[in-house]
Amino acid sequence: MKIILIRIMQAALAVLYAPMKLLKAKNRIVYLSRQSDDKSVDMLLLERAVSELSPDTKQVFRLRTIPDGLLPKLGYAFSILGDMFYLATSKVAILDTYSIPVSCLRHKKCLKVVQMWHALGAVKKFGLQSLGTKEGRDESVSRAMRMHKNYDYIIAPSKATMKFYEEAFGYDESVFEILSLPRVDAIVNNRSTESFYRENPEMADEKVVLYLPTFRENESYAVGALMSEFDDGMDGYRLIVKTHPLFSKVKDKERYSFSGDFDTYDLMKSADIIVTDYSACAFEASLLMKPLYFFTPDYEKYERERGINIDLRSEMPSAVFDEADALCNAIKNEEYDIPMLYSFKNKYIENSGGDNAEKLAGFIIGLM
């Protein structure tokens, strides 16, 4: 029944889209996202770079997360009509997530669709790679929704990452462009920590350990184990926990928080040591060349139920830990393998310079 309803929806959208495609395409870029209601760092930097290189190019942002509740969802459904109008009348569409109208409809040949995925890589499997798994999407529904169809180009930060993206999006290497996301510029060009320590002066005399766990069912268990270990014997170290925004059951988290409005990039720049698990933030962290550790007490289970693209135990052997006490001992020993981290960074982010927004903007403008 669900598949039938999807087919009916697609047919209705196609009928509504047909007259829109008769309109003339303008010298315009439309950005589409379900990731956030606000412009991401990548979009902000790309928008600025496009404006500098091509002032006459119009840029429109259609950004909206899917809300909870029946009436808000109906409002979201109507917003898709607006997305369709801009797809029909723009020359380039830039996405950072899956888009229903992009993948479900047939578009004019003059429209070029660019997938600028919202992560800087993929430690864990996602998209088509994870269909049918415990944490992945339903395979029959995803196929019916034509998930990740109609992309003309996909941005990948390295050839190594491109191999994972080929599986996740269902394309061969011919559609890929090896370009880093603009956020790399924001990380490497400005590393000031002054504002963070002005808001958190009590941390100035401690070594700050930033923990960035990914979204998963047993997040609270992993966070609890690490917090307990820091409480018992990590004098001189301060643990900050920033859990995934979509899922958090951490108790007593105020003790491991911070003052001020700082995003993940600000926190990574301010931290002395960074700990994550299967999150793509590992790639951003590697750009800073600070000690980076992986706390993975559920490694085998996660690999079996979700899937992992990168064999962390092989590529970062001295930085992957299943036990919180072993991780804390490694942190206190201060004997980190920097060449190992350097190899990891260079493998998965080929361009770690500060000109990525300009390079991507040049590529986008070339499509116009």
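Tyr 211 stands opposite Val 275 in strand S9. Strands here are DSSP runs of E with at least two residues, helices are runs of H or I with at least four, and both are numbered from the N terminus. The model is predicted: local features need pLDDT of at least 70, side-chain atom pairs count only at pLDDT 80 or more, and totals for chains, interfaces and linings use all residues. Residues are numbered from 1 along each chain as its sequence is written, and side-chain values use heavy atoms, with hydrogens and water left out.

Strand S7 (residues 207–212) and strand S9 (residues 273–276) pair in the parallel sense over four bridges. Two strands count as paired if DSSP finds at least two bridges between them. Five strands make up this open sheet, in the order S8-S7-S9-S10-S11, with parallel pairing. Strand S8 (237–241) and strand S11 (320–321) stand at the edges. Each has a single partner strand, so one side of each lacks a neighbour in the sheet. Helix H14 (residues 324–333) packs on the sheet and touches S7, S8, S9, strand S10 (292–295) and S11. Contact means heavy atoms within 4.5 Å. The direction of H14 makes about 170° with that of S10. Axes are lines fitted to C-alpha atoms, for helices over the stretch in contact, and angles run from 0 to 180 degrees between N-to-C directions.

A further open sheet has six strands, in the order S2-S1-S3-S4-S5-S6, and its pairing is parallel. Strand S2 (58–63) and S6 stand at the edges, each with a single partner strand, so one side of each is left without a neighbour in the sheet. From one strand to the next, the twist averages 20°. Helix H3 (residues 70–88) packs on this sheet. H3 touches strand S1 (28–33), S2 and S3, and its direction makes about 150° with that of S1. Strand S3 (residues 92–95) runs parallel to strand S4 (residues 112–115), joined by four bridges. Val 92 stands opposite Lys 112 in S4, and Ala 93 stands opposite Val 113. Two bridges join S4 to S5, also in parallel. The bridge partner of Gln 115 in S5 is Ile 154.

The whole structure holds 24 aromatic pairs. Rings of Phe, Tyr and Trp (its six-membered ring) pair if their centres lie within 6.5 Å; planes under 30 degrees apart count as stacked, over 60 as edge-to-face and the rest as tilted. The ring centres of Tyr 151 and Tyr 171 are 5.7 Å apart and the planes lie at 15°, so this pair is stacked. Tyr 151 lies in the loop between helix H5 (139–144) and strand S5 (153–156). Tyr 171 lies in the loop between helix H6 (159–169) and strand S6 (176–178), so the pair ties together parts 20 residues apart in sequence.
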